[in-house]
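Colleague: I have a few questions about this model. Can we go through them one at a time?

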Amino acid sequence: MATTSFTAPKLSSPTFQTLCRNFPLSLPIPKTLSSFSFHLSPFLSRFHLHHHHYHPPRFHPRRLFAVRAESENGAEPIRHYDFDLFTIGAGSGGVRASRFAANFGASVAVCELPFSTISSETTGGVGGTCVLRGCVPKKLMVYASKYSHEFDESNGFGWKYDTEPKHDWSTLMANKNAELQRLTGIYKNILNKAGVTLIEGRGKIVDPHTVDVDGKLYTARNILISVGGRPFIPDIPGREYAIDSDAALDLPSKPEKVAIVGGGYIALEFAGIFNGLTSEVHVFIRQKKVLRGFDEEIRDFVGEQMALRGIQFHTEESPQAIVKSADGSLSLKTNKGTIEGFSHIMFATGRRPNTKNLGLESVGVKINKNGAIEVDEYSRTTVPSIWAVGDVTDRINLTPVALMEGAALAKTLFQNEPTKPDYRAVPSAVFSQPPIGQVGLTEEQAIKEYGDIDVYTANFRPLKATLSGLPDRVFMKLIVCAKTNKVIGLHMCGEDSAEIAQGFAVAVKAGLTKADFDATVGIHPTSAEEFVTMRSPTRKIRQSSESQGNMGHEAKTAAGV
Amino acid sequence: MARKMLVDGELNQTNKEGAEYDFDLFVIGAGSGGVRAARFSANYGAKVGICELPFHPISSEVIGGVGGTCVIRGCVPKKILVYGATFGGEIEDARNYGWEVNEKLDFNWKKLLQKKTDEINRLNGIYKRLLSNASVKLLEGEGKIVGPNKVEVTQPDGTKLSYSAKHILIATGSRAHRPPIPGQELAITSDEALSLDDLPKHAVVFGGGYIAVEFASIWRGLGATVDLFYRKELPLRGFDDEMRAVVARNLEGRGIKLHPQTNLTELVKTDNGIKVITDHGGELIADVVLFATGRLPNTKRLNLEAVGVEIDKTGAVKVDEYSRTNIPSIWAVGDVTNRMNLTPVALMEGTCFAKTVFGGESSKPDYRNIPCAVFSIPPLSIVGLSEEEAIEQVNGDVLVFTSTFNPMKNTVSGRQEKTIMKLVVDAETDKVLGASMCGPDAPEIMQGIAVALKCGATKAQFDSTVGIHPSAAEEFVTMRSVSRRVTARGKAKTNL
């Protein structure tokens, strides 16, 4: 038995072709299929291989070909498919679902566009947004850019630089891209090891059980759409001069003066990156504050801290046009005026699901007005054999959520264990500088949902800042349900927030109470210990004190100690 | 007695027996435990006095300072130096991220020391203010117990003051101990190490505990040559063995020379520095030798014999679960009791004491699942049981989940240093019994994990928590496959 090679569809093996010809197909085959070779194992079986869900996790590269009756009562003829699962898109969700499905005994193929740091209709790459154009390169850029702050801090700790450290853009890009290449290779390996067939090309759904990849057809009992999302730039004059986050992660040279349009997490993260790498940074936001949807106090705090680090915020200022000057520089025309001299204008104005040209309309997969695929709680689309996970469904667009959805789907389909992803208390981070970590409800959401809450806050200068002399502060917040004493929200902005929030997320997810937090001994001296030493509420909010439907925030100042 | 306190709306007489005391509580020692107990007791309505020795960074029989070990000679100045030293590695790491930094960096030790001293002076002031805001009377001088309800304070000018108190709390902490080897006076302890005039060029650290590895990391990070000597095979006795091995490897990776299973036998003053002689016959010359070989409780000059307060053979004050000594009116918290010598534990003991004695609510400190950290570079942090402890204590099987990985930052910086994380789980109950991590940010990461452990979180609850991506911490909630299962049968036999 040949080992699986996943670099191209396996069309070369004569054995397979023979098998294919000999294989009694009981389904109507599209014409193109007559010359198409299936990926068949010689061990064809009509049994429900799903009974074999106790297979050890280490998986043989070539799975038994799974055949399963369309309906258990045998009323319909048994139909044979090339694969139990065909996944379109090898990003976080797609790879996770494919691997796990294969580990559970399913035969799985996944298709993905060729690798490029910039995504398009024709380029993508194994690893997807997270690895190639999101979390990973972003975090590497954050690491790189944080050093300028660390150099400043280190001055306060006695370190001196004869010449101000300079940053060489091309070194960073080269090292970053080498790492991305390594990671995309690792992802391919992961698929290979799991026995998943990887097909390079653009997948399109032809019918509820058939996917077309660049002209070749593959049939599958189940199809998973996990094609993710892409940055969206609004249609304004001169938009062709703007860049999106894909391009921003792979610029050939340092932007000298950059405008970032948008107030979401991507905008803030890039503002921090470019600021740290010594660009002049202007952020244009439509609203008064950054990070809509986050806790109001966090929104205020992060905006202040970023401004203190030199980022210029232009609030309630929307772009209307981009004009390119004769000297090549860009001007941004807004509702308030025109700002000139930008080397780059980046739009971080949202992302849209990649649902165009997938053939969804023809098979009847319903999408919502944003272009996101509508799915039920098990990630099933309106077509029973077609499923979707990750950003393409626009639920919570985070890698670990796509992983959760992918894992749940594999369980549902191939382990006889219908599993719903659990969206409660999903923690998340913004890698702004300083970063934000959070889990659970914002104060505003908590009031709406629970009415009576106690809010504990701490706003302090961390030990490091007292020495560095920099104006860095840390803000922390716990939101507690007054009735149950449960901690229903936890928010932090300051150094290490993302790392700190994870452990607390376990506690919040487990439904622990404020008393449980208080009973935990601190780790001294850390910032995190503040979360277990918040003794008196900053304010108690009671619905009873509210008059005529107005949200009455009864603020009680903390008693002495 | 002017002050009364209200507990649950009832009037609670503090001086029921009609005895007239100067104070409801007199605390000897204004460190973490003492200040906490004093403040909280005062907040419950007690009239509180506290005495502390005059301030100086280096402690002695007659020198101390409000804030105690943690603020003046422990956690805080140590962490400041760790911050300073961490920049050394950070600057190296910056190069592969495109930063062009001079090959030879200038580090000004005097500047760091001055700023450290400024900061502890500031904190010393804050602690004094905390006490005065809580209406605690602070007296400068050495406290002695002269009777079950009587304290004598010798002020710096020699005058003696005498006070009566319904309760006396001993919170005098501990001090570094020097092994009695020839030439021991040439060595320094952690007190001096935090206040050296010059950065050592070549430091020898003797000891395998957390203080030893922290100072080794500090000096190495700031550019010194460091040799670390310890008696065991691995440093950090009492911690998880796998973690100990990782710490040793990381210290070595950062350039510290390790000398396991080696004792220092003699120190000799020479023209070139201090000659250090080992029990293996080895010799080397160092300009600084640090003894980090343990700490002893400060009980000698308290006059405990006079009233019969029992101490154990290490000199620690013996207390019951409520921190009460064998003399009913005398209590003790913190390092002087040598239970678990950590600031937050002293705070907990102080809080429980105040609640028990003045809050009308008997409270025992809870020593289960107390997290702690070693601020080596990179740091180690743990909560709950080590793998060895779990195997010993659990009746059934123990599941061990480990994850060793190259942190994302290192993928570009090129630093060869793995982060390791570990969860120890009771196979039968699925409860997470212990968590440990060695790697950047470990102490910050462990705090939240500690809340979960404290409340008996199961591995399933960890697994059901979504990760924060990309972080190191997410590894704790994504450990899917068990690294090993230690069966009850395979466990080492007990003597029975």
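What follows is a short exchange on domains, interfaces and backbone details.

Colleague: What kind of model is this, and which residues of chain A does UniProt give to the feature "domain: FAD/NAD(P)-binding"?

Modeller: This is a predicted model. The feature comes from an unreviewed UniProt entry, so treat the label as an annotation that may be inferred rather than shown by experiment. The record places "domain: FAD/NAD(P)-binding" on chain A at residues 84-406.

Colleague: How much helix and strand does the chain have over residues 84-406 of chain A, and how far apart are the end C-alpha atoms?

Modeller: Helix takes 33% of that stretch and strand 25%.

Colleague: Turn to chain B. Which residues make up domain 2 of chain B?

Modeller: The assignment gives three entries for chain B. Domain 1 comes in two segments, 23-176 and 296-359. Domain 3 covers 371-486, and domain 2 covers 179-292.

Colleague: What area do domain 2 of chain B and domain 3 of chain B bury between them?

Modeller: The centres of these two domains, over C-alpha atoms, lie 29 Å apart. In contact are 16 residues of domain 2 of chain B and 24 residues of domain 3 of chain B. Carbon and sulfur atoms account for 61% of the buried area, which is about 1,700 Å².

Colleague: Which side chain meets Arg484(B) in a salt bridge?

Modeller: Between domain 2 of chain B and domain 3 of chain B there are four salt bridges. Eight residue pairs are in polar contact there, both residues at pLDDT 80 or more. In one of the salt bridges the N to O distance is 2.8 Å, within the 4 Å cut-off, so the pair counts. The partner of Arg484(B) is Glu242(B).

Colleague: Which element gives the most to the side of domain 2 of chain B that touches domain 3 of chain B?

Modeller: Helix H6 (210-221) and helix H7 (241-253) of chain B each supply at least two residues of that side. By class, the side has eight nonpolar, three polar and five charged residues. The top contributor, with seven residues, is H7(B).

Colleague: Now the two chains. What is the area buried between chain B and chain A?

Modeller: The contact involves 79 residues of chain B and 80 residues of chain A. Carbon and sulfur atoms give 67% of the buried area. The total is about 6,900 Å².

Colleague: How many salt bridges does the rule find across the interface of chain B and chain A, and which element of chain B gives the largest share of its side?

Modeller: The rule finds one salt bridge. Lys160(A) and Asp106(B) form a salt bridge, with the closest N and O atoms 3.4 Å apart, inside the 4 Å limit. The largest share of the chain B side, 12 residues, is from helix H3 (residues 75-94).

Colleague: By class, how many residues on the side of chain B that touches chain A are nonpolar, polar and charged?

Modeller: That side of chain B has 19 charged residues and 19 polar ones. The nonpolar count is 41.

Colleague: Where is the cis peptide bond that ends at Pro470(B), and what is omega?

Modeller: Pro470(B) sits in the loop between helix H13 (459-464) and strand S26 (484-486) of chain B. The cis bond runs from His469(B) to Pro470(B), with omega near -10°.

Colleague: What is omega for the cis peptide bond joining Gln433(A) and Pro434(A)?

Modeller: Pro434(A) lies in the loop between strand S19 (428-430) and strand S20 (436-440) of chain A. Omega of the bond is about 5°.

Conventions
Residues numbered from 1 in each chain as written. Chains lettered and ligands numbered in written order. Predicted model: local features only at pLDDT ≥ 70, side-chain atom pairs only at ≥ 80, totals over all residues. Heavy atoms only, no water. Helix = DSSP H or I, 4+ residues; strand = E, 2+ residues; numbered from the N terminus. Domains from an automatic or database assignment. Contact = heavy atoms within 4.5 Å. Buried area = accessible area lost by both parts, 1.4 Å probe. Polar contact = N/O pair within 3.5 Å; in protein donor to acceptor, adjacent residues only side chain to side chain. Nonpolar A, V, L, I, M, F, W, Y, C, P; charged D, E, K, R; others polar.
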